[in-house]
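User: I'm new to this one. Can you put it on screen and walk me through it?

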Amino acid sequence: MVQALIDNSSTWASSIATVRQWIHEAQHVAVLTGAGVSAESGVPTFRDDTRGYWAKFKPEEMASEAGYRKDPPHVWRWYEHRRAQIARVQPNAGHLALAQWAHQHPDRMTLITQNVDGLHQQAGSRDVLSLHGELRKNRWLNRRCAECDLDNPTPGEPPYCPACGNLLRPAVVWFGESLPGATWAKAEQAAEECQLMLVVGTSGAVYPAAGLAKIAHRTDSRVVIINPHTSELDSVADHRITMPSAQVLPLLFSSLEL
Ligand code: APR
């Protein structure tokens, strides 16, 4: 048992050293994160066994426009529950490590996230490419009328426009909806032009986001997956670190000159 622990720790140590060297060598590092990077802040993931959101709720009901139109109060309350949940949590050491390194090394990192929890932004990351939108923001469900005022809707579940009855909805990307065009274009460019992509805390189950790792691989970037479990992107990984991201990211980005 002890030997196994020693072997494991030396394997991890050499993994950390290897990837630190790759970060040092990379002119530009793209980072693609998923729900796993917020797991150690206490935010549920989607597909992790019984604790994930999709083990308790149906994505087509809770994360699609059709599901919202079918039962707006039910779905609105779920997003309000998630908003209350993330209001109670803090960014973890992984979020902070990414933000601090990017701040110390301007223009050497592009942070792309599938997460809507805003924890990267709260940790100090700038210009985060939020592929799936932001949970803390709302937008109108239908085309807005002249009276539709995002800052002053009539309270309700969901809030609405008193003039046209338009409903507010969370400003997140639901299944079947397009990602924000300009955000996607920047993410795709970063995936094509980086020398290293870190894929952190994502199952790689959802496209087009997961495809960014394949673009990086195809354009000769090194791809490193940080995930305690296997993912659907493992086949494009040059290296995998099977540890929790809040432990790994500070080790990869700690202050030694990189
Ligand atoms: N550190 C790193 N990875 C972790 C950790 C951790 N501490 N804990 C869990 N993980 C990994 C899991 O092993 C899993 O592979 O995080 C991944 C989370 O996968 P999902 O729950 O599928 O989340 P994600 O990949 O972000 O989902 C993508 O699907 O439902 C949509 O819009 C939603 O943005 C989301 C998208």
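This is a predicted model: local features need pLDDT of at least 70, side-chain atom pairs count only at pLDDT 80 or more; totals for chains, interfaces and linings use all residues.

User: Start with α7. How many residues does it have?

Analyst: Helix α7 covers residues 93-104 and has 12 residues. From first C-alpha to last it reaches 16 Å, close to the 16 Å expected at 1.5 Å a residue. The expected span is 1.5 Å times one less than the number of residues. Helices (H or I, at least four residues) and strands (E, at least two) are DSSP runs, numbered from the N terminus.

User: Which residues are buried in α7?

Analyst: Gly94, His95, Ala97, Leu98, Ala99 and Trp101. Buried means under 20% relative accessible area, exposed over 50%, and partly exposed in between, using a 1.4 Å probe and protein chains only.

User: What happens at the start of α7?

Analyst: A side-chain oxygen of Asn92 comes to within 2.7 Å of the backbone nitrogen of Gly94.

User: At what angle do α7 and α11 pack?

Analyst: About 25 degrees, with the axes 7 Å apart. Helix α11 is residues 245-253. Axes are lines fitted to C-alpha atoms, for helices over the stretch in contact, and angles run from 0 to 180 degrees between N-to-C directions.

User: How are α7 and α11 oriented to each other?

Analyst: They are roughly parallel. That label is for angles under 35 degrees; over 145 is roughly antiparallel, 65 to 115 roughly perpendicular, and the rest oblique. The crossing of α7 and α11 is left-handed, meaning the near helix is turned anticlockwise from the far one by less than a right angle (clockwise would be right-handed).

User: Which residues meet there?

Analyst: On the α7 side, Ala93, Gly94, Ala97, Leu98 and Trp101. On the α11 side, Ser245, Ala246, Leu249, Pro250 and Phe253.

User: New topic. Where is Thr202?

Analyst: In the loop between β6 (196-200) and α10 (211-218). Thr202 is buried, at 8% relative accessible area. A polar atom of its side chain lies 3.2 Å from the backbone nitrogen of Gly204.

User: And what is Thr202 in contact with?

Analyst: Leaving aside neighbours within four places in sequence, Thr202 is in contact with Gly34, Gln114, Asn227, Ser231 and Leu233. Contact means heavy atoms within 4.5 Å.

User: Ser231 again, then. Which side chain makes a polar contact with it?

Analyst: The side chain of Asp234, at 2.9 Å. A polar contact is a pair of N or O atoms within 3.5 Å; within protein, one must be able to donate a hydrogen and the other to accept it, and residues adjacent in sequence count only if both atoms are side-chain atoms. Asp234 is in the loop between β7 (222-226) and β8 (239-241). Asp234 is buried too, at 18%.

User: What covers the buried residues of α10?

Analyst: The cover includes β1 (29-33), β2 (109-113), α9 (181-193), β6 and β7. The residues being covered are Gly211, Leu212, Ala213, Ile215 and Ala216.

User: Leu119: buried or exposed?

Analyst: Buried, with a relative accessible area of 0%. Leu119 lies in helix α8 (residues 119-122). Leu119 and Val89 are 30 residues apart in sequence, yet their C-alpha atoms are 8.7 Å apart.

User: Where are the cis peptide bonds?

Analyst: One joins Glu157 and Pro158, with omega about 5 degrees. Another joins Tyr207 and Pro208, also with omega about 5 degrees. Pro158 is in the loop between β4 and β5. Pro208 is in the loop between β6 and α10.

User: Why flag those?

Analyst: Because most peptide bonds are trans, and most residues other than glycine have a negative phi.

User: Which residues have a positive phi?

Analyst: Among them are Asp107, at about 65 degrees, and Asp127, near 50 degrees. Asp107 lies in the loop between α7 and β2. Asp127 is in the loop between α8 and β3 (129-130). Asp107 is exposed, at 71%, and Asp127 is exposed, at 71%.

Terms used. Residues are numbered from 1 along each chain as its sequence is written. Side-chain values use heavy atoms; hydrogens and water are left out.
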